[in-house]
Each structure stands twice: as structure tokens, then as C-alpha cells.
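Thank you all for coming.

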Amino acid sequence: MPNLKDLVNGILSGNFTALSKGITLCESKKLEDRKFANELVKACLPHSGNSIRIGITGVPGVGKSTFIETFGMYLIEQQKRKVAVLAVDPSSQRSKGSILGDKTRMNNLSVHPDAFIRPSPSSGSLGGVTHHSRESIILCEAAGFNTIIVETVGVGQSEIEVKEMTDFFLLLMLAGAGDELQGIKRGIMEMADGMLINKADGENLTAAKLAKREYQNALHLFPAAESGSTPKVEICSALNAFNLEKAWNMIDDFIQLTTDNNYFEAQRKSQLNAWFKKSIQERLNLALFGNKRINNFINNLETQVIQKQVSPTEAANLVYEEFKKSLL
Ligand code: GDP
């Protein structure tokens, strides 16, 4: 185990090795690592928060990796920002490996000294799948990154998680494919603070412009966002680095507006609170399912539940009573 003070100092001085090591500890399944990680996060928390956290989602193939590569380079070169890229990928069974697993798609960004890319871990961490992502954000901010990009694949539960840990939620879309075809649920569109129609290049440019208008109209029908901002739609080409400034302005305008109307700070606070509440649940889950005796008890009950000898609700009550006993 590294020395806590050394690791904290390493992270605070922006050392990449220390940052990676810290994140690895946050992702670890070992209880002793977890304890260390808690101390580490606690030490980094006061140095965190000074950033823009951007969540990016969209179906596989929409161009997320390509966008993060060119947009990340744009942010560094044109906006003089420091960019950290993280991924939330709870579906560890993905056949093609984790998101961002293939860093070669981020050729320039992955070697730039002002960028830090963290591929998603191959499996869930101890105490929740996305717990460590929130902690990684804290660590990256403490290391001096003022732009945190959190990527997620746009097909499931992970969007909500990412929305809950970012300031601006960006949805990447394609022109020409219906929403259903893209697998993007209306709920996810409603969550978006902004939308980019990617691959607006070559023959696809006209279709992208058309789609922009269609989505803009569709968004007007949605209920007003709590942020007080109306979601914008833009077109871009991640491949050709086209319209990246518009993409940035969309985010920057949102941050300005929500800072002025205090939504930004209120959302950050409620996100911390949500993290707290989620952690309580996860901690209890761990205590419950990590307890061998309780686990055996549950396994035995399972058979009875399936055979309709005991109702699921009653069985849950029995588990609770057994758990209470184990705490005495
Ligand atoms: P992801 O699965 O969402 O991360 O998508 P990728 O970034 O891996 O991109 C999927 C494919 O689309 C790759 O072959 C990219 O080269 C291509 N692609 C990404 N962005 C663009 C773009 O703006 N224009 C065009 N024409 N192709 C793109």
C-alpha cells in the first residue's frame, strides 16, 4: 500500500502515475484498498469541484470516441483547458471490451500532457458500479483537470448515473436514423442539456441540417428543463473537427447561465447528497450480501420462494430479521 500523504501530494501536483494509482485503488474490490481509497478521496475532496463536468452519451458507432478525441484536443488547444476522460460502463459483459479500452482511437489526446484518459474498469467495483467514477472525478479535479468528460454508452441505466454526476449532459445523435433505430429512448433525450448531430460531413451534411431542425422542434415539446436552459441542437463532424466551437459554446453558455441562476451550485449539492444516499444503500447491500451466513440464509429461502412455500415479501422480512440478529 502506498503512503497516503505521498499519494495525495502526487495527485495534487498533477502526477499522472499517482492519479492512476489513486483511481485503481478506488476501483479495487479489496476491502483494505477501499478503506485507503476513502481516506484518499477525503483528502482530495477539498481540492475538487473547480471544473466543468460533461457527460457524453450516444449509441455505439455514433462517434463518441472520435468526438472526445477531436473535441478534447480543441478544448486543450483553443480553450487552454485540461481534460480528463472517464468512462462509465456498468455492462461489463460487453463483448468488444470496455469503452475507451482502445486508446488508439484517441491518438493525439492520449499522449497529450494536458489530457488524462482512464479506460473503464473491466468489472464493477466494490460497493456499486459507478461509485468509483464519482471518486475518479474528485481525484482528477484535485490533480488540476478543469474539464471532466464522462463517457457512457447510450443504451441503458448508465445514462442516469452519468447525468447524476455531471453538469452538462450531451447526447450525440446521427441523422437519417429514427430515434427507435438509434435505440435512444425519449427519456434520455429529455435528460439531455444539449444535442449534437454527428457525422455532419460529405453526403450526410444535408441530412444532418434537416435532423437538427427536427430535433429542435421535438425538444420544444418537452417539459421545461429545471436548469432554466432550453436544450440546443447543433451539427458537427467529429472526424473533420467541424463545428467544435459551436459544441463548446453550447456547453459554455449553459454553464454561464446555470451559474448565474444558481442551478449549477444547487445541482452539485444535490448530486453530492444523491451520492451519499446511494452509498448508504450500497454499504447496506455489501453488509447484507457480503455476509456469508446471510447469503446462505437467502439461498435457502430462494428455493422456498420459487416453490411458493413462502411469499417473496415474507422472505425478505425473514432476511431482515436474520440480518438484525447478525448485527447484535
Ligand atoms: P463510438 O462507438 O460512439 O465511440 O464511435 P466511434 O468514435 O468509434 O466511431 C464509429 C465510427 O464512426 C468510426 O469508424 C469513426 O471513424 C466514424 N466516425 C466518427 N465520427 C465521425 C464523423 O464525424 N464523420 C464520419 N464520416 N465518420 C465518423
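Let me begin with a term: a residue counts as buried if its relative accessible area is under 20%, as exposed if that area is over 50%, and as partly exposed in between, using a 1.4 Å probe and protein chains only. What you see is a predicted model, in which local features need pLDDT of at least 70 and side-chain atom pairs count only at pLDDT 80 or more, whereas totals for chains, interfaces and linings use all residues. Residues are numbered from 1 along each chain as its sequence is written, and side-chain values use heavy atoms, with hydrogens and water left out.

Let us turn to the rings. Rings of Phe, Tyr and Trp (for Trp, its six-membered ring) pair if their centres lie within 6.5 Å, and planes under 30 degrees apart count as stacked, over 60 as edge-to-face and the rest as tilted. A search of the whole structure finds six aromatic pairs. In one of them, the ring centres of Phe 67 and Phe 71 are 4.8 Å apart and the planes are at 15°, so this pair is stacked. Helices (H or I, at least four residues) and strands (E, at least two) are DSSP runs, numbered from the N terminus. Phe 67 and Phe 71 are four residues apart in helix H4, residues 64-79, and are therefore separated by about one helical turn. Phe 67 is buried, with a relative accessible area of 0%, and Phe 71 is buried with a relative accessible area of 0%.

How are the planes of Phe 116 and Phe 145 arranged? Their centres are 6.1 Å apart and their planes are at 40°, so the pair is tilted. Phe 116 lies in strand S3 (residues 115-117) and Phe 145 in the loop between helix H5 (131-142) and strand S4 (147-152), so the pair ties together parts that are 29 residues apart in sequence.

Finally, strand S2, residues 83-88, is mostly covered, since six of its six residues are buried. On one side these are Val 83, Val 85 and Ala 87, and on the other Ala 84, Leu 86 and Val 88. Two strands pair if DSSP finds at least two bridges between them. Three bridges join S2 to S3, running parallel, while six bridges join S2 to S4, also running parallel. Val 83 stands opposite Ala 115 in S3, and its bridge partner in S4 is Thr 147.
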